Amino acid sequence: MPVTWCYDVEDGQRFCNPGFPIGCYITEDGRPKDACVINSEFHEKDTFYIFNHVDIKIYYHAVENEALGARLVAAKLEPKSYKHTHPDNPDCSGVPMDISNKANGEVKIAYTYSVTFHEEKNIRWASRWDYILESMPHTHIQWFSIMNSLVIVLFLSGMVAMIMLRTLHKDIARYNQMDSTEDAQEEFGWKLVHGDIFRPPRKGMLLSVFLGSGTQILIMTFVTLFFACLGFLSPANRGALMTCAVVLWVLLGTPAGYVAARFYKSFGGEKWKTNVLLTSFLCPGIVFADFFIMNLILWGEGSSAAIPFGTLVAILALWFCISVPLTFIGAYFGFKKNAIEHPVRTNQIPRQIPEQSFYTKPLPGIIMGGILPFGCIFIQLFFILNSIWSHQMYYMFGFLFLVFIILVITCSEATILLCYFHLCAEDYHWQWRSFLTSGFTAVYFLIYAIHYFFSKLQITGTASTILYFGYTMIMVLIFFLFTGTIGFFACFWFVTKIYSVVKVD
């Protein structure tokens, strides 16, 4: 159970926050900052007030027919400030403990606490978290964000449906009616590039490795969020979410190896050993190296948040002894299978791509493609960053799962839409572009994280700043692989579908 500090907010509501402040500050112009607003006695200018006393109330209910006797259902506290007149025999009274900002010399502070027990018959043990969760006034914002995201999805779905049903239907009908050779000479639009559409991309090795790692992350995220929705990974069990994610990631080496191998083979790659090793070590290696450097900084600072050396060894053992062999097994089956069959043959000589307008050039398309998926998730992102960096409770996994599904749909539809426009402009380099279009959402994520750092957090000190950006970079990399993979698979399905229904001589 977290110890909570409950205080009154507007409209007669009470807000419960895990943890409690250790002090507060009155500015030079007499404005109370943070928790100084709770007491009118805090009024000295340019002064710190120390909360050196806590009244702890522990609520329990007696359990019948059980040897335990009683169970704790809540622990609340109230921070107070007393300048104890007799520190050796404190009576918890007196004026607040204040320290002027201009004070110098030694200051002695006596810290005290009192504990009272209250029997609470109405709260069942299973619902002991409810009072914390009910007091968090975020739910109405969440519904607004979901509705906002659904409007974006409906708009995109309408656009995609229009392209699929009207434009594509007309195109396919027109292409398939062209029987005479005179007509065949006048091909135009996306049918023109049918001989180049499945030409292997440049840097196919790297793309296949990214797709393998992205698939691993995609399945891991889906399963973790699904379990969290069902209530298996409750905030009551600290670290359950992270543990579940790491274990799932380790066990999902096989799909990563398989997907990377299948696509690498279909791109015409020969160096299968390099492909397997890169899939096993490239992305996990970057994440682990970043994580290890962060941990070294924490060790150097003597922080209790540093992960013990034994745990790091255990994570490495999971990676090398379970994840890597599973990736090899997946890659073995991926390379054993025949390369993916494409509906149209690839020409010997690459077709020249005509001069593109500003909108169909790669960079503007990629930058535009990330805006809509980011628009769906940024409110949710605010709460996730709050839970990580501002010690808020995060429990709305139902909302998060819904936003995850909306994100998958939005990434797919935005990428398909842009892919269609590029094909109509006779630009057949769709593989990397589809990956980067939805993957660019991660760049907006990074920009938002930087904005959050400067606008919401009061982090000072080099070590803390490095830690924030170090952990943010891990999240951005994972998010990039995850969204990019969604975009690529959506585009791959779309391209395969439209070229399989066109008659090609």
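Predicted model: local features only at pLDDT ≥ 70, side-chain atom pairs only at ≥ 80, totals over all residues.
Q380 lies in helix 10 and, once residues up to four places away in sequence are set aside, touches Q142, S145, Y394, M396, F399, L400 and V403. Because buried means under 20% relative accessible area, Q380, with a value of 1%, counts as buried.

Helix 10, which spans residues 371-389, is also one of the partners of helix 9, whose buried residues pack against it as well as against helix 11 (397-424) and helix 12 (431-439). Helix 9 itself covers residues 362-369, and the buried residues in question are P364, G365, I366 and G369.

The largest nonpolar core holds 90 residues, of which W190, I197, L423, W430, F488, V495 and Y499 touch the most other members. Helix 14, running from residue 462 to residue 500, gives the most to this core, with 16 residues. F488 shows what such a position looks like in detail: leaving out its neighbours within four places in sequence, F488 is in contact with L207, L211, F263, F267, W430, Q431, S434 and F435. Apart from this core lies another, made up of 12 residues, including W5, C24, V54 and L77.

F435, one of the contacts of F488, leads on to the aromatic residues. The structure holds 50 aromatic pairs, and one of them is formed by F210 and F435, which are stacked with 5.8 Å from centre to centre and 25° between the planes. Since F210 belongs to helix 4 and F435 to helix 12, this pair ties together parts that are 225 residues apart in sequence. Both F210 and F435 are buried. Elsewhere among the rings, F222, F226, F401, F404, F445, F479 and F482 are linked by ring pairs into a cluster.

Helix 4 also takes part in a helix packing that can be followed residue by residue. Helix 4 (residues 204-229) and helix 5 (residues 240-251) pack at an angle of about 145°, their axes being 9 Å apart, and the crossing is right-handed. On the side of helix 4 the contact is made by Q216, M220, V223, T224, F227 and A228, and on the side of helix 5 by L241, C244, A245, L248 and W249.

Terms used:
Residues numbered from 1 in each chain as written. Heavy atoms only, no water. Core = buried A, V, L, I, M, F, W, Y, C linked by side-chain atoms within 4.5 Å. Buried < 20%, exposed > 50% of the residue type's maximum accessible area, 1.4 Å probe, protein only. Helix = DSSP H or I, 4+ residues; strand = E, 2+ residues; numbered from the N terminus. Contact = heavy atoms within 4.5 Å. Axes fitted to C-alpha atoms, helices over the stretch in contact; angles between N-to-C directions. Left-handed = near helix turned anticlockwise from the far one by under 90°. Phe/Tyr/Trp six-rings, centres within 6.5 Å; stacked < 30°, edge-to-face > 60°.
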